[in-house]
Each structure stands twice: as C-alpha cells, then as structure tokens.
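Me: I would like to learn how to read a few features of a structure. Please take them one at a time.

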Amino acid sequence: MKKRLLEYLACPSCAGALRLTARREDGIEVMEGELACDACARSFLIERGIPRFADLAELERDKQATAEKFGWSWQTFTHEDEKYAAEFLGWIAPVVPSFFAGKVVLEGGCGKGRHTRRVAQWGARDIVAVDLSAAVEVAFAATRGLENAHVIQADIYRLPLRRAFDYAFSIGVLHHLPDPRGGFKSLVSRVKSGGHMSAWIYGAENNGWIVGLVNPVREHVTSRMNPRLLFHLSKVPTAVMFAATKLFYGPMNRSARGAAIARHTFYNDYLNFVSQFDWREQHLIVFDHLVAPTSFYISREEFESWWKEIGAKDVVIGWHNKNSWRGFGRIER
Ligand SMILES: C[S@@+](CC[C@H](N)C(=O)[O-])C[C@H]1O[C@@H](n2cnc3c(N)ncnc32)[C@H](O)[C@@H]1O
Ligand SMILES: [Zn+2]
C-alpha cells in the first residue's frame, strides 16, 4: 500500500484512526506490515502490498463462495482489452473521463482492476478499489506503478474507510451480493455530501430467459463445479455465442438494412454489443455468468427505489443494452 492511503482509512469495527507499521517497503509500496487501531485494539495485516481487512474464513458461507469463484475467475482472465475503456464509460454514463480530474474515488468490487487503472490515469486525485476476493492480487499488480491507485481487500458491507469520497462506483457487483440494496447503501455511506454515485446492475426486464433457463443451471450445477472444469465446459456456450455474434449479430447490425431486421431478433442489443469482443473476452463473459453463486436480476422499479431511499438528487437511470440498468446521482445529506 502507498502511505497516502492512510488518509482514507478507518477501523472497520470502531471507525478509529489506523496506525501504520511498515515492515518491508518496495519503492512507494509498503509490501508487508500492519495497520493497528488504538481505540479498539484490532489490527490488520498488509500482505504482498495489500491491506487485508476481510478474513475469508470468518465470512458467511455465500460470501465466501462468491469470493472464491471470482478470485479464481480474475486470476485466470487477467488480460487487458483495448475496448474496456469504452465499455466502462457505457456503464457509468453520463460520467466522462474529465469528470475524474482531482476527485477522490471509491470503487466497490474492483475485480482485476481494469477500471481502477483507467480512473487513476484519467486524473483522479486518488482511487481506492475494494474487493473481497483474491482478485485484489491482480488489481494490485495492475495498478502498482500508479501513485494515486490503492487496492484493499475488504467486504463492501464493512468498509474500512472514512466518509471521504467525491464519487463511488460499482460495476457488476451489487447483484452478486446477498443484499444488493445494503451493499449500495454501504458504498453511498462513504460519499461526501455533494458527491456522486454510479452503479450498474443486471436488469430483470428482458432477462426472463436467463432467470427461467440459465439460473437453475447456474445455481445447482455450474457455480458449484470445479472452476477449472467450468472453464473448459463454458467454451461450448461461448462457441455458440461467438459464432452467432461474429456471423450474424455483428455483420447484420453494421448495415442499415441488416439492422432493421436484426432489431427484431433475440437479445439483439446485447449480442450486437458483445460482437465487438474477441474469443477471450466472450469466454470471460460466459464464464462470469455461470460461475457466480449469487446473482439477482433487478427491476427498474426496485433500482429506482434504492436511489429514492438514499435521497439522491438529479438521478439518471439508463437502460443499458436493453438488459441491465445503470444509475448515476448526487448524494445530499
Ligand atoms: C463480476 S465481478 C466485477 C469486477 C469489476 N467491477 C469489473 O467490472 O471488472 C464482481 C466482483 O465483486 C466482488 N465482490 C463480491 N462480493 C463482494 C463483497 N461482499 N465485497 C467486496 N467485493 C465483492 C467479487 O470478488 C468480484 O471481483
Ligand atoms: Zn477500532
């Protein structure tokens, strides 16, 4: 960890200040050490450069399973894709890169750190990226050279952070939590008054076929199987999607006449969007859907009620690829 992260940290038990003891440093990173709370006497290790606030062995069973599966996933699909930046902006619209300049940013569930790195490069004063799983090892490696990027291993429900953030965002994470609304509120609680929040979640609308056909298989079979086996088995549905997107959805949507026909076909907006990605990324998309032990599909009405409940202002909720919801709003207290 970089020492300037201390400015944002607070004890997750009592919100007291944390004291750093560095045992091994490497350039700007404290690689091994300890963060101690003098108020409640709790302490947290820094291991391999990452402060560890979550003890996976002590977590509830469903959170443990989620962390285990996504940890494996992000440690396997470590690739970068040049299209990630545009994809990220699609998930956080109407936010644009210049929005980040000078802001202190919180990322809830950073996975391999693909957005963390980008936000740091777009000029955020600091970004603190949180994830529960071993994906933090990949996120740390991806952001090591960036003095304004920080990665911590923690549970979204027990953030070891002060209310010090100008902006918080969470992409594809809240629907994997046991209580998505509670996770949303926990992130919002660390945003200063006048700051902003973005979230992107799976939608209930248009996803009836996933809820009816894919979810039972995911819940009872694929999320329980050895991830290495799923890695190989998931190549079969990936091959179907890859062929459909590269041979039909992509080419059809590129011409005006084709697009007029394609627009009436199954899941067109999403499959046209996916058609831009190569095999590796499409494999990740399929694997990611099948590996998750918990996934909620959330209606617009439900999502709107989260924003109402926190009293957010100027909320913009958008339909993304006609299968998911993105939201952005201002936090006023
Ligand atoms: C689908 S991935 C999305 C990762 C990243 N936002 C992205 O778009 O690449 C969901 C991530 O949420 C993390 N996660 C799940 N439950 C969590 C929790 N309770 N606290 C923090 N992170 C959690 C997982 O470990 C995983 O990395
Ligand atoms: Zn404490």
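Predicted model: local features only at pLDDT ≥ 70, side-chain atom pairs only at ≥ 80, totals over all residues.

Me: Which residues coordinate the zinc ion (ligand 2), and how are the donor residues spaced in sequence?

Reply: The SG atoms of Cys11, Cys14, Cys37 and Cys40 coordinate the zinc ion (ligand 2), at 2.2 to 2.3 Å. Their spacing in sequence is C-x2-C-x22-C-x2-C.

Me: Is Cys11 buried or exposed?

Reply: Buried means under 20% relative accessible area. Cys11, at 3% relative accessibility, is therefore buried. Cys37 is buried as well, because its relative accessible area is 2%. Cys14 has 36% relative accessibility, so Cys14 counts as partly exposed.

Me: Where is Cys14, and what is Cys14 in contact with beyond its neighbours within four places in sequence?

Reply: Cys14 is in the segment before β1. With those neighbours left aside, Cys14 is in contact with Cys37, Ala39 and Cys40. As for sequence separation against distance in space, Cys14 and Ile261 are 247 residues apart in sequence, and their C-alpha atoms are 59 Å apart.

Me: On to helices. How do α1 and α11 pack?

Reply: Two packed helices are described by the angle between their axes and the distance between the axes. For helix α1 (residues 61-76) and α11, the angle is about 170° and the axes are 10 Å apart. Angles over 145 degrees count as roughly antiparallel, and α1 and α11 are therefore roughly antiparallel to each other. On the α1 side, Lys69, Phe70, Trp72, Ser73 and Trp74 meet Leu284, Phe287, Asp288 and Val291 of α11.

Me: At what angle do the axes of α8 and α11 cross?

Reply: Helix α8 (residues 235-254) and helix α11 (residues 279-291) have axes that cross at roughly 130° and come within 9 Å. That angle makes α8 oblique to α11. The crossing of α8 past α11 is right-handed. Residues of α8 that meet α11 include Met241, Phe242 and Thr245, and those of α11 include Trp279, Ile285 and Leu290.

Me: Why is helix α3 described as largely enclosed by the rest of the structure?

Reply: In helix α3 (residues 114-121), six of the eight residues are buried, so α3 is largely enclosed by the rest of the structure. The buried residues are Arg114, His115, Thr116, Arg118, Val119 and Ala120. After α3 comes Gly123, with a positive phi near 100°.

Me: Which residues other than glycine have a positive phi, and which peptide bond is cis?

Reply: Most residues other than glycine have a negative phi, and most peptide bonds are trans. Ala41 has a positive phi, near 70°, and lies in the loop between β2 and β3 (43-47). Tyr267 also has a positive phi, near 55°, and is in the loop between α9 (256-262) and α10 (268-274). Ala41 is exposed because its relative accessible area is 68%, whereas Tyr267, with 14%, is buried. The peptide bond from Ala93 to Pro94 is cis, with omega near 10°. Pro94 is in the loop between α2 (84-92) and β5 (104-108).

Notes
Residues numbered from 1 in each chain as written. Chains lettered and ligands numbered in written order. Heavy atoms only, no water. Donors = N, O, S within 2.8 Å, 3.2 Å for Na, K, Ca; no water. Buried < 20%, exposed > 50% of the residue type's maximum accessible area, 1.4 Å probe, protein only. Axes fitted to C-alpha atoms, helices over the stretch in contact; angles between N-to-C directions. Helix = DSSP H or I, 4+ residues; strand = E, 2+ residues; numbered from the N terminus. Parallel < 35°, antiparallel > 145°, perpendicular 65-115°, else oblique. Left-handed = near helix turned anticlockwise from the far one by under 90°. Contact = heavy atoms within 4.5 Å.
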